[in-house]
Amino acid sequence: MAVNGWYPDPGGARWRFRYWDGSAWSEETTTDPASPPPAGVAAPAKARKGWLIALGVLVVIVGVVVALVLRGTGGRTGEEPTVRADTVSSTPTVSASPKTATPTPTPSSDTASQASPCPTTLKTGNTTQVDGKLMADTLSADTIPGWALGPMWLAPAYDVHAQTDEIYPGWMSNIAVGLLSNSDGFVDISTSAGQLMDCFASSGYYQAFTGREDIIPGEQVTISGHAAWRIESNIYVSGQRVPGDVADIIVVDLGSDKDHLGLFFSSYSIGDDARGAKVDAAIASLAVA
């Protein structure tokens with residue numbers, strides 16, 4: 001059976017996670033899979049682990065006793081044992097319905113061959129925020145008026161601060177800043193930007209991913225005198241009201257005294273010029289203190 005926890009929303013909501021309690025999906029969703037379970041869900045699978053282990057031990061003991069009895073009564077021990085099919089250990093596959101499916105953490109078959117996995121950092125941080133800014137260490141961007149402030153899960157990054165604007169349920173535009181740890185292999189701005197765009201475009205971040213078209217395949221830019229690398233791509237998907245997103249990744253060298261790089265990420269729907277202009281203004285405001 002699948003382990004209780006937050007999984008990418010099987011309904012296809014991008015950047016959203018829904019909680020599986022062992023028998024049903026929660027009504028509540030989140031952008032942060034590290035969040036505690038929703039109130040009122042069933043006890044996590046870990047709480048039942050001890051009972052399962054005890055049951056397994058009991059089965060083994062009973063089996064041994066039966067074998068000894070058979071030996072003592074002339075039972076046939078030379079035959080190959082009949083093995084019962086395991087009917088309780090397999091993990092069902094996710095279906096489109098968020099109420100009846102059991103989650104699986106693997107990508108769906110139509111995107112698995114294209115997926116580039118995203119590394120998950122163990123680093124943590126929480127830069128103090130200033131009104132009107134999104135900040136991660138010394139990197140900052142102006143906030144977009146009217147967009148919602150809140151957490152956003154970018155697996156390779158930490159100290160992430162973001163804004164989102166819902167286009168329709170399950171699809172949103174966003175901007176975010178965060179940090180990339182050198183200890184996770186993020187030491188070069190161009191290589192890091194390329195790795196991040198590869199993983200964001202083709203992984204669970206964009207379900208039903210169909211293709212990517214680079215607008216800016218990679219160029220060095222300067223943010224407050226600091227070298228940075230920018231990639232901008234159209235990311236195409238199927239099954240949505242929009243064809244996909246325009247995504248930007250900018251990785252910034254924050255200085256030789258830092259053990260991390262700075263990250264800016266944004267996305268808005270392809271063809272949405274109004275939101276695109278707001279995202280462009282946030283990019284233009286990027287600064288390193």
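Strands E7 (158-168) and E8 (171-181) pair in the antiparallel sense over eight bridges. Strands here are DSSP runs of E with at least two residues, helices are runs of H or I with at least four, and both are numbered from the N terminus. Two strands pair if DSSP finds at least two bridges between them. Tyr 168 stands opposite Trp 171 in E8. The model is predicted, so local features need pLDDT of at least 70 and side-chain atom pairs pLDDT 80 or more, while totals for chains, interfaces and linings use all residues. Residues are numbered from 1 along each chain as its sequence is written, and side-chain values use heavy atoms, without hydrogens and water.

The protein has four helices and 13 strands. Seven of the strands form an open sheet, in the order E6-E7-E8-E12-E11-E10-E9, with antiparallel pairing. E6 (148-150) and E9 (209-223) stand at the edges. Each has a single partner strand, so one side of each lacks a neighbour in the sheet. Neighbouring strands are turned by 15° against each other on average, direction ignored.

Two helices meet these strands. H3 lies across E8, E9, E10, E11 and E12 and runs at about 20° to E10. H4 (residues 273-284) packs on the sheet and touches E7, E8, E10, E11 and E12. The direction of H4 makes about 165° with that of E12. Axes are lines fitted to C-alpha atoms, for helices over the stretch in contact (heavy atoms within 4.5 Å). Angles run from 0 to 180 degrees between N-to-C directions.

The largest nonpolar core has 32 residues. A nonpolar core is a set of buried Ala, Val, Leu, Ile, Met, Phe, Trp, Tyr and Cys residues joined through side-chain atoms within 4.5 Å. Buried means under 20% relative accessible area (1.4 Å probe, protein chains only). H3 gives the most to this core, with seven residues. Leu 196 is among the residues with the most contacts inside the core. Leaving aside neighbours within four places in sequence, Leu 196 touches Pro 156, Leu 180, Phe 186, Ile 249, Val 251 and Leu 263. A second, separate core of 24 residues includes Leu 139, Ile 144, Phe 264 and Ala 282.

One disulfide is counted (cysteine sulfur atoms within 2.5 Å). Cys 118 and Cys 199 form the link, with sulfur atoms 2.3 Å apart. The link is right-handed, with 100° about the S-S bond. Cys 118 lies in the loop between H2 (109-112) and E4 (133-136), and Cys 199 in H3, 81 residues apart. Cys 118 counts as buried at 19% relative accessibility, and Cys 199 at 2%.

Notes: Buried means under 20% relative accessible area, exposed over 50%, partly exposed in between (1.4 Å probe, protein chains only).
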